[in-house]
Amino acid sequence: MPRVQVKNANATAHPREFALLHQLGGTDAIESEKLLEASKTYGDSSAVKSLVEGSDAVEFDAFAKAFAKPSQSASVEGPDGNCLGWAARDTSGELAPYKFSRRELQ
């Protein structure tokens, strides 16, 4: 698959998406397949697919919009999880409690 370069990355406007971009390979060209795989967990698969098809470069704002998906790995409801934390779940920055499981210490 072709490689895609993300241009004009701005960490202050979209810190979560900026961190994800650097986990995937930074502002260097990233394999389209790698972006599509990451979108299954972190973003909107159809939006990412339309971004990478026929394009060798995308603007960071478009990348951030495609990967702007609230975290779904933890929840406040239910007994699941052995820890309680606080985090922003959307771009408003408002903190909300959530439960998550830490791995067992060895």
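1. Let's start at Ser101, which is exposed, with a relative accessible area of 55%. For the terms: buried means under 20% relative accessible area, exposed over 50%, and partly exposed in between, using a 1.4 Å probe and protein chains only. Ser101 lies in the segment after strand E5 (95-100). Helices (H or I, at least four residues) and strands (E, at least two) are DSSP runs, numbered from the N terminus.

2. A word on what you are looking at: this is a predicted model, where local features need pLDDT of at least 70, side-chain atom pairs count only at pLDDT 80 or more, and totals for chains, interfaces and linings use all residues. Residues are numbered from 1 along each chain as its sequence is written, and side-chain values use heavy atoms, with hydrogens and water left out.

3. Which residues does Ser101 touch, not counting residues up to four places away in sequence? The partners are Gly81 and Asn82, where contact means heavy atoms within 4.5 Å.

4. Leu84 brings us to the strand pair. Strand E4 (residues 83-88) and E5 run antiparallel and are joined by six bridges; two strands pair if DSSP finds at least two bridges between them. Within this pair, Leu84 stands opposite Lys99 in E5, and Ala88 stands opposite Leu95 in E5. The hairpin of E4 and E5 has six residues between the strands, and Gly93 there takes a positive phi near 85 degrees.

5. Leu95 deserves a look of its own. This residue is found in strand E5 and counts as exposed, at 52% relative accessibility. Leaving aside residues up to four places away in sequence, Leu95 touches Trp86, Ala87 and Ala88. Leu95 and Gly85 are 10 residues apart in sequence, and their C-alpha atoms are 9.6 Å apart in space.

6. Now for the whole chain. The secondary structure comes to four helices and five strands, and along the sequence the pattern reads β-α-β-α-α-β-α-β-β. Of the 106 residues in the protein chain, 24% are buried. Among contacts with a separation of 6 or more, 48% come from residues 24 or more positions apart.

7. How do helix H2 (residues 32-42) and helix H3 (residues 45-52) cross? Their axes come within 8 Å and cross at roughly 165 degrees. That makes H2 roughly antiparallel to H3. Here axes are lines fitted to C-alpha atoms, for helices over the stretch in contact, and angles run from 0 to 180 degrees between N-to-C directions. Angles under 35 degrees count as roughly parallel, over 145 as roughly antiparallel, 65 to 115 as roughly perpendicular and the rest as oblique.

8. H2 passes H3 in a right-handed crossing. A crossing is left-handed if the near helix is turned anticlockwise from the far one by less than a right angle, and right-handed if clockwise. From H2, the residues Ser32, Leu35, Leu36, Ser39 and Lys40 meet Ser45, Val48, Lys49 and Val52 in H3. By class, this contact has four nonpolar, three polar and two charged residues. Ala, Val, Leu, Ile, Met, Phe, Trp, Tyr, Cys and Pro count as nonpolar, Asp, Glu, Lys and Arg as charged, and the others, Gly among them, as polar.

9. H2 has a further helix partner to inspect. Helix H1 (residues 15-24) packs with H2 at an angle of about 140 degrees, their axes 11 Å apart. The two helices are therefore oblique to each other, and the crossing of H1 and H2 is right-handed. Arg16, Leu20 and Leu24 in H1 meet Lys34, Leu35, Ala38 and Tyr42 in H2. Sorted by class, the H1 contact with H2 has five nonpolar, no polar and two charged residues. Note that Leu35 in H2 meets H1 and also takes part in the contact with H3.

10. Finally, is Asp61 buried or exposed? Asp61 is found in helix H4 (residues 60-66) and counts as exposed at 52% relative accessibility. Asp61 and Val6 are 55 residues apart in sequence, with a C-alpha to C-alpha distance of 9.2 Å in space.
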